[in-house]
Amino acid sequence: MKTDVLVIGGGPAGLSAALSAAKEGAKVIIAERDNLGGILNQCIHSGFGLRYFGEELTGPEYASRFVRKVAAEKNISIIKGSVICADKNRCCEIATESGYESISAGAVVIATGCRERPAGTLNIAGGHPAGIFTAGTAQRLINIDGLCVGKKIVILGSGDIGLIMARRFTLEGAKVEAVLEAMPTPGGLNRNIAQCLKDFNIPLRLSTTVVEVLGQKRVEGVVTAQVDENIRPIKGTEQTIPCDTLILSVGLIPENDLFGFLTLDRRTKGPFTDNLGQCEVSGYFACGNALHVHDLVDNVTYESENAGKNAALFALGKLRSENSVKVNCGNSIASVVPQFIKEGSPSVIYIRVKKKIKNAMLFAARPDGTIIKSIKRLAFAPNETISLELPALSGISYDNIIIDASGEA
Ligand SMILES: Cc1cc2nc3c(=O)[nH]c(=O)nc-3n(C[C@H](O)[C@H](O)[C@H](O)COP(=O)(O)OP(=O)(O)OC[C@H]3O[C@@H](n4cnc5c(N)ncnc54)[C@H](O)[C@@H]3O)c2cc1C
């Protein structure tokens, strides 16, 4: 089977990319192994769409707006199945209920989302009793299957999913004993700290981790310890919290295992892309959580519309090849996406800083120090993604730009 654009993944990234590719006149196939809408189907709380729609929606409401548009678009067809391999020439194999399907695409959009870091990566002492879940699995069990996984809960990790789940468990009648965070600052958005923890009097313990899980058949408690600046437990600070469930919200990893031919950025764990969403291998585009972990789905949509449009232009032979410059991270910057900018097109750079910086200026500068664009704020913190919009670069006489921030520690 042939198509102009194959979109792998039908979450918010894949749906937006497909719609925008179809708008350019491309024939599009979305391959999705589960239900369209992706992870938003299990995010039944509100807070989605404030930027994109100017109103507050739940995850399923946000997703359904795109699912309806996709269903009405004659240039988009859906294949229910799992893409199990992909090669550099844009040939992909999909495992469907009726067998294997081979698709040769003019362009491929990677919109496979991300997966959660599992318990095995944490090196916590103790056995493997029942009652240890990742936050996403617990969210799915509560919100889709109607099963609450415990009554006395400890949550390790203060990323947004952990915070949302702390509130969700409380609303279900469970007692959240504490949210523990190994870093000295919370991982999730400030609005989620306020609305999910403070409003429900759930304690947040920073610079603290779990060093041991107690219990044989079922979790009976966890031993916590404070950690030093290298995240090493400090002897003598151990405390036991009785509980029947440990929830892990300890990071998301972009899902790119199928694409071994793409180099991944060690900072984001997603492929290197330019401001058109193109990867290093011709005809491959990436967006959404497969590219970098997003805190707001609205940004997933904007980024994916851009990638989908350019994938269509590539497949239809309309994407011009331009010079590009590398986007380098300065000393204060943890990651940037995209890592390259093509001449002649505007860009949105998604930036994470390493540490909190107060009275801060974030800037993009040429190698000679000329500032291209800057933004000032009272503070930038590692728990938020900052968007920096850059005008189209033209007549480039340099090969890189630097993103950095200045201010007070
Ligand atoms: C567990 C979890 C909970 C979250 N909760 C929140 C929240 O409460 N609030 C919030 O703002 N954000 C939340 N997020 C962030 C949210 O994921 C993003 O905002 C957004 O959903 C990312 O969209 P996406 O399309 O990139 O990924 P996803 O929504 O994850 O969609 C990816 C899709 O790709 C499909 N797929 C993957 N591999 C293949 C393959 N090989 N073949 C076919 N299909 C494939 C998957 O089935 C999935 O449908 C959560 C993320 C996770 C992982």
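In the protein chain, 61% of the contacts with a separation of 6 or more are between residues 24 or more positions apart. The model described here is predicted, and its protein chain contains six helices and 26 strands. With a radius of gyration of 22 Å, close to the 22 Å that the globule rule gives for 409 residues, the protein chain is as compact as a globular protein of that length.

**Overall dimensions and surface**

- Taken along the principal axes, the C-alpha atoms of the protein chain fill a box of roughly 65 × 60 × 40 Å.
- Of the 409 residues in the protein chain, 49% count as buried, while the chain exposes about 18,700 Å², of which carbon and sulfur atoms supply 50%.

**Helix α6 and the residue that follows**

- Helix α6 covers residues 297–315, and at 1.5 Å a residue its 19 residues should span 27 Å, which agrees with the 26 Å that separates its end C-alpha atoms.
- Just after α6, Gly-317 adopts a positive phi of about 70 degrees.

**Strand β26 and its pairing partners**

- Strand β26 (residues 400–408) pairs in the parallel sense with strand β19 (residues 324–329), and four bridges join the two; within this part of the structure, Lys-326 has Asn-400 of β26 as its bridge partner.
- Strand β23 (residues 357–365) also pairs with β26, but here the strands run antiparallel and are joined by six bridges; Lys-358 has Glu-408 of β26 as its bridge partner.

**Salt bridges**

- Side chains of opposite charge can pair when their charged atoms come close, and the structure holds ten salt bridges.
- One of these salt bridges is formed by Asp-34 and Arg-140, whose closest N and O atoms are 3.7 Å apart. Because Asp-34 lies in the loop between β2 (28–32) and β3 (46–48) whereas Arg-140 lies in helix α3 (residues 135–143), the pair ties together parts that are 106 residues apart in sequence.
- Asp-34 counts as partly exposed, at 34% relative accessibility, and Arg-140 is likewise partly exposed, with a relative accessible area of 38%.
- Glu-255 and Arg-115 meet through their side chains in another salt bridge, at 2.9 Å from N to O. The pair links distant parts of the chain, 140 residues apart, with Glu-255 in the loop between β17 (252–254) and β18 (284–286) and Arg-115 in strand β8 (residues 114–116).
- Glu-322 counts as partly exposed at 26% relative accessibility, whereas Arg-320 is exposed, with a relative accessible area of 65%.
- Salt bridges that share partners also join Arg-115, Glu-255 and Asp-257 into one network.

Technical notes:
Residues are numbered from 1 along each chain as its sequence is written. This is a predicted model: local features need pLDDT of at least 70, side-chain atom pairs count only at pLDDT 80 or more; totals for chains, interfaces and linings use all residues. Side-chain values use heavy atoms; hydrogens and water are left out. The expected span of a helix is 1.5 Å times one less than its number of residues. Two strands pair if DSSP finds at least two bridges between them. A salt bridge is a side-chain nitrogen of Lys or Arg within 4 Å of a carboxyl oxygen of Asp or Glu. Buried means under 20% relative accessible area, exposed over 50%, partly exposed in between (1.4 Å probe, protein chains only). The radius of gyration is taken over C-alpha atoms; the globule rule is 2.2 Å times the number of residues to the power 0.38. Contact means heavy atoms within 4.5 Å. Accessible areas come from the Shrake-Rupley method with a 1.4 Å probe; for residues, only the protein chains shown count as cover.
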